[in-house]
Amino acid sequence: MKKSLCLYFQVHQPNRLRLYRFFDIGKDSHYYDDFANRTILRRVAQKCYLPMNELLLELIKKYDGKFKVAFSISGSVLEQFERYAPEVTDSFRRLAKTGNVEFLSETYYHSLASLASPAEFKHQVLKHKAAIEHYFGVVPTTFRNTELIYSDAIGEMVYDLGFRTMLTEGAKHVLGWKSPNYVYSGALAPKLNLLLKNSSLSDDIAFRFSDRNWSDWPLTGDKYLGWVKKAAENDEIVNLFMDYETFGEHQSAQSGIFDFMRYLPEVVLKDGEFEFVTPSEATRKHKPVAVLDVPDAISWADEERDVTAWLGNELQNEAFNKLYSLSEKLALVNNEDLWADYGHLQESDHFYYMCTKFFSDGAVHKYFNPYDTPYEAFINYMNVLSDFILRVDDANSVSDANFAAPKKETAARKTGRPAAKTVKKSAPKSAGKVAEKAAKPAAAKTVKKAVPKTSSKAAVKTTKKAK
Amino acid sequence: MFGWEFPPHIAGGLGTACYGMTKGLAANGVEVLFVMPSASGDEDQSAVRIINASDVPVDTVSTTVDEFLGKVQFVHIGSNMVPYVDPQDFTTMVEEERRRQVKDFRIQYGQKYKFSGKYGSNLMEEVARYAMVGATIALQHRDEIDVIHAHDWLTYLAGIGAKQLTGKPLVVHVHATSFDRASDDRIDTRVYDLEKKGMEAADRVIAVSDLTRNIVINKYGISPDKVVTVHNAVDFSGRENLNVERGVRDKVVTFLGRVTYQKGPEYFIEAAAKVLKRCPHVRFVMAGNGDMLNRCIRHVARLGISDRFHFTGFLRGQEVQKMFALSDVYVMPSISEPFGISPLEAMQTYVPSVISKQSGCAEVLKYALKVDFWDVDAMSDAIYGLLNYPAIAALASRCGHDEVNALKWTNAASKIRKVYESVIK
């Protein structure tokens, strides 16, 4: 049996917020910096998405199905493609048609919902699944959480949603002496197969490729294959997971990254020890060798490989808690705009901007950050969130009034939300004020119940770490 | 009169106070010649003649450089530390230093010096040069002036120099002291020395409040009968009240000022947390910038109230008016405030105010609620009262407005005129 090489790329762009002043609260509810979002998306599309997709398509055709990759494309960036660069969606669609590209499932808004609210998490996963099916005509069967965040509890939720394969980081503090180059299984969900990122080999491409101070610069396909073979001498599978923007954006075209990628499949296939697989093929081919215990959440970010890049200081925890404390209220309103904003405010990037770990990973943080300081990021975010809270409260009082009046059934949300539905069902058409009052706390309770201990645990843990 | 700034280009309250004061003095029949380091030409000169120190070359006295330096050379700051030397060497060194100074003087001061008039890193150097130029200007106008009036430590040296050169009496005006800028053990000793020097050289010291007067007496060792309190006033002419549409229905409690230790922002945050526990429909705003801002943001986040506690950053001109117009309660929890003009502005806009007893304006305001800055319970109590009991809010708003409108610079200036008269023999 040949050894496996699994390539997976993350495609995501956040909806960056505009400068939102205190004076705007309650007056202007447009939160996004459309100009920046458009400019950045168009730039990355030209430099990375379009040329790299073209290259991948060419390679897949050239090697006649022997070259394969996997993508996770967030709902946030899909929306932006639709708005600013529809040709990118078309180009991904062409890749999908080859059948050699696997599309992975994730949270629609690239959010941290897995750490906060199982109900919200499930909602976003289903929403994303529907979006991928809509755009690319495939149903994702492999799961990849935002920034490869994983814990035993998250694994269990993912398994319960019907996934049998999940990607995460091969974090050293979790693996210990174990090798990332095998398939593992989840501690709470034994039938969930875990593919672990080989950090060192992935980062050679994603971070070090163009670094001229790196002793191994310049990196060539042959040299790289040598490393891969050495790393997996006695192992089965090497997982190379990285941001898709690596190609052409983080590593510029001038660095030779496209040539490297053009040449790599040839070297690998000629050598014959490895073959390319998609994540779902990988777990069909390889059996898990052991159980992986991950009590605390891990991710692929920073030296720590944990979630402190998003929930590592008091600013982040405060914003995060305030945001997710709204889910209960939101479950009671039926308003597409509010739902969309709620989703966009959950994008993990907003919390990343508030990170104060400037010293060890400052360079990476700075590169992705539209704010000068985490404090500005926090103030701006909280101003936006304050306006959003006002709108949610307004919507709630309006929906109270609607219940009191003879109710006209509004079109059900396409991506139905269980809690919202229960409210509707439990409120009979002739519902008077009494029925409404009875229904509301009941609905609220179901939501509350659906938020299990894990989320608060995770929050407590991260605060502890922050200290 | 020596000042550092004058509207419209101001960084703090000093320029505003000087503007009001000069207008008041004009109304009292006192003619003012106002010297400032860097005038832009768009200052309102209806009540005052402004001399821009940046325009004045010092070459008129070049013939008597030695005499001039003999009188004012002490203003040279940044003198080098000299290690152990025997008396002989010392004399030669002093001689050399003196010759070098004369040379420097000819080179540097024989021409115009462009002051920034800001509060930058070379502030000390500007202060020294301003003293030189200021003294020269005083000498040029020796026959026109009766009294020299210097505002705050930045201009004290100019005042002293002018007094030495012209022999006219000097009044120094203390708007703030080193002790208002930092806690006791961390004051800038260079500034303290300048302040003390100025107060000692002065014939009279005017303090903006009894609070400041006490500091001058106790911390600078100035004789009490030399120190007079003249409370500041506030000039609201040319100001229209804005009608701003509110975005939030909640009541708004505002802190506006530099976010520094002296202004007590953390007590405001603590009080906010307490009030929010009782009545949720309130928002707190901290407007301003300063070295404590980031600490305050973290503090607010830790208390978990940041959806109700907002930061606006530094506000300018109209934005300040807008902020007042949006406010229901204004809070000034200063740990040490020589006077504090902002609550007067708030009250003029009909915003009831809570001020700390450790602020100078507490001595003149009857209709502001006064609490000790450290008494967070009392502060939150006062805020809560103004938010929830319409009667007291209405009273504080109406009477407060009338009260601050009665604080006229004309009255304050007449007291200043009396001080002038007491020193002109």
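**View 1. An open sheet of four parallel strands in chain B of a predicted model.** The strand order is β3-β4-β5-β6 (chain B), with parallel pairing. Strands pair here if DSSP finds at least two bridges between them. Helices (H or I, at least four residues) and strands (E, at least two) are DSSP runs, numbered from the N terminus. At the edges stand β3 (148–151) and β6 (227–229) of chain B, each with a single partner strand, so one side of each has no neighbour in the sheet. Neighbouring strands of this sheet are turned by 25° against each other on average, direction ignored. Axes are lines fitted to C-alpha atoms, for helices over the stretch in contact; angles run from 0 to 180 degrees between N-to-C directions.

Two sentences cover conventions. Residues are numbered from 1 along each chain as its sequence is written, while chains are lettered from A and ligands numbered from 1 in the order in which they are written. The model is predicted: local features need pLDDT of at least 70, side-chain atom pairs count only at pLDDT 80 or more, and totals for chains, interfaces and linings use all residues.

**View 2. Helices packed on the chain B sheet.** β3(B) and strand β4 (residues 170–174) of chain B run parallel, joined by four bridges. B:His149 has B:Val171 in β4(B) as its bridge partner. Helix α5 (residues 152–166) of chain B packs on the sheet and touches β3 and β4 of chain B. The direction of α5 makes about 160° with that of β3(B). Helix α8 (residues 210–220) of chain B also packs on the sheet, touching β4, β5 (204–207) and β6 of chain B. The direction of α8 makes about 170° with that of β6(B). Contact means C-beta atoms, placed from the backbone, within 7 Å.

**View 3. Strand β1 of chain A and its partners.** Eight of the nine residues of β1 (residues 3–11) of chain A are buried, so the strand is largely enclosed by the rest of the structure. A residue is buried if 20 or more other C-beta atoms lie within 10 Å of its own, exposed if 12 or fewer, and partly exposed in between; C-beta atoms are placed from the backbone. Seven bridges join β1(A) to the parallel strand β8 (residues 237–243) of chain A. Here A:Leu5 is bridged to A:Val238. Strand β11 (residues 274–277) of chain A pairs with β1(A) in the parallel sense over four bridges. A:Lys3 has A:Phe274 as its bridge partner in β11(A).

**View 4. The crossover from β1 to β2 in chain A.** β1(A) and strand β2 (residues 69–73) of chain A pair in the parallel sense over four bridges. A:Tyr8 finds its bridge partner in A:Ala70. The chain passes from β1(A) through helix α1 (residues 34–62) of chain A to β2(A), a right-handed β-α-β crossover. Right-handed means that, with the strands pointing away from the viewer, the path from the first strand over the helix to the second runs clockwise.

**View 5. Where chain A touches chain B.** Chain A gives 20 residues to the contact and chain B gives 15 residues. On the chain A side, α12 (314–324) and α17 (374–404) each supply at least two residues. The largest share, nine residues, comes from α17(A).

**View 6. Confidence along chain A.** The average pLDDT of chain A is 86, and 84% of the residues score at least 70. pLDDT is the predictor's confidence in each residue, from 0 to 100. Over residues 407–467 of chain A, pLDDT stays under 50.

Methods: Contact = placed C-beta atoms within 7 Å.
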